[in-house]
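Here's a quick briefing to read with the model open beside you.

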Amino acid sequence: MAHTAMSGTGTTAGDDPLQTAVWRLRSRACWADAAALLQPVTAPAALQRASLLVERCLYTEQGWEDAEDALRTAEALAHADEERGAAACERGYLAYAATLHTVRDRADEARAALGRAAALIPPGASGRALLDFRRGLLAENLTGSPQSARAAYRRAHAGATALGDPLLLSFTWRHLAGLSLRDGELVEARHGFAESLRIREELGYLVGTAPALVSLADAESEPEASRLREEARRLFRLLGGVPTWLARQLAPTTPDAATA
């Protein structure tokens, strides 16, 4: 399962107090509360608010109408090409999330929106790395093209490195590692998963830490794998069962559970 990646401000000391508050709420799975702090009167604020509510859909499988409303507002306020491209990127990501969670098949809409974003956001622009990452997700999870996904993730990884975007790097590390694991490259997979986990713990990105622990566990041997999964279960319970899609991966593997 894949989720969003977007480092805003607020992750380091000395940042704007509003952005710091938004980040703290977001990182603890309080997307609606974080969005409520933002007044959607400018394109950047509306886009950030929409991105928070889209992320909530992916992690909780709820709040689809709120995300659609916020996205329409962001689209209406976007005027510059990069703003319109960023709105299209969020539109594509929401359609991807709906398809991934089988709410409704919006794969064609996701591809079209991300293609539109690619035409509006030039290479090297601040939003291009995130767009590349999301195009990789579509290639991996909707199209079933791991080679295309790897190329997109590598572009996103290079862009995130150039931008100094640690949260996005945590996602590119994790997804590149996932492809390595699928190819049987355990050493490379462990390294990528460990880097992703390290970054998320350093940022205090609590809602993304359990998935990172589970991914690393998949590449580890016992007893380390069980220790990592137990820590992931603790965080999963702490956040009230978010992200929802981790429930199946963290289900107890007892004989009763296996035959249920």
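**Helix pairs, cores and a few residues to look at**

Helices α5 and α6 run roughly antiparallel to each other, because angles over 145 degrees get that label. Keep in mind that this is a predicted model.

**The α5/α6 pair**

- Helix α5 covers residues 81-100 and helix α6 covers residues 107-120; they pack at about 160 degrees, with axes 7 Å apart.
- The crossing of these two, α5 and α6, is left-handed.
- On the α5 side, the residues that meet α6 include Gly-85, Ala-88, Cys-89, Gly-92, Tyr-93 and Tyr-96.
- On the α6 side, the partners include Ala-110, Ala-113, Leu-114, Ala-117 and Leu-120.
- Sorted by type, the residues of the α5 contact with α6 come out as eleven nonpolar, three polar and six charged.

**The α7/α8 pair**

- The axes of α7 (residues 128-143) and α8 (residues 146-163) come within 8 Å and cross at roughly 160 degrees.
- That angle is over 145 degrees, so α7 and α8 count as roughly antiparallel.
- Among the α7 residues making the contact are Phe-133, Gly-136, Leu-137 and Glu-140, while α8 brings in residues including Ala-152, Tyr-153, Ala-156 and Leu-163.
- The contact of α7 with α8 splits into ten nonpolar, three polar and four charged residues.
- As for handedness, α7 and α8 cross in a left-handed way.

**The α3/α4 pair**

- Helix α3 (residues 43-60) and helix α4 (residues 64-77) have axes that come within 8 Å, crossing at roughly 155 degrees.
- That makes α3 roughly antiparallel to α4.
- The α3 side of the contact includes Leu-47, Ala-50, Leu-53, Val-54 and Cys-57, and the α4 side includes Trp-64, Ala-67, Leu-71 and Leu-77.
- By type, the residues of the α3 contact with α4 are 13 nonpolar, one polar and three charged.
- The α3 and α4 crossing is left-handed.

**Nonpolar cores**

- The largest nonpolar core holds 59 residues, and Tyr-59, Tyr-205 and Val-207 have the most contacts inside it.
- Leaving out residues up to four places away in sequence, Tyr-205 touches Trp-23, Arg-26, Ser-27, Glu-55, Tyr-59, Leu-167, Phe-171 and Arg-200.
- There's also a second, separate core of 19 residues, with Phe-193, Val-214, Ala-219 and Ala-225 among its members.

**A covered helix: α11**

- Helix α11 (residues 209-219) is mostly covered, with ten of its eleven residues buried.
- The buried ones include Thr-209, Pro-211, Leu-213, Val-214, Ser-215 and Leu-216.
- The cover over the buried residues of α11 includes α9, α10, α12 (224-238) and α13 (246-249).

- Leu-179 sits in helix α9 (residues 166-182), and it counts as buried because its relative accessibility is 1%.
- Setting aside residues up to four places away in sequence, Leu-179 touches Glu-140, Pro-146, Ala-149, Arg-150 and Tyr-153.
- From Leu-179 to Ala-117, it's 62 residues in sequence and 25 Å in space, C-alpha to C-alpha.
- Ala-194 is in helix α10 (residues 186-203), and at 33% relative accessibility it counts as partly exposed.
- Ala-194 and Leu-58 are 136 residues apart along the chain, with 23 Å between their C-alpha atoms.

Methods:
Residues numbered from 1 in each chain as written. Predicted model: local features only at pLDDT ≥ 70, side-chain atom pairs only at ≥ 80, totals over all residues. Heavy atoms only, no water. Axes fitted to C-alpha atoms, helices over the stretch in contact; angles between N-to-C directions. Helix = DSSP H or I, 4+ residues; strand = E, 2+ residues; numbered from the N terminus. Parallel < 35°, antiparallel > 145°, perpendicular 65-115°, else oblique. Left-handed = near helix turned anticlockwise from the far one by under 90°. Contact = heavy atoms within 4.5 Å. Nonpolar A, V, L, I, M, F, W, Y, C, P; charged D, E, K, R; others polar. Buried < 20%, exposed > 50% of the residue type's maximum accessible area, 1.4 Å probe, protein only. Core = buried A, V, L, I, M, F, W, Y, C linked by side-chain atoms within 4.5 Å.
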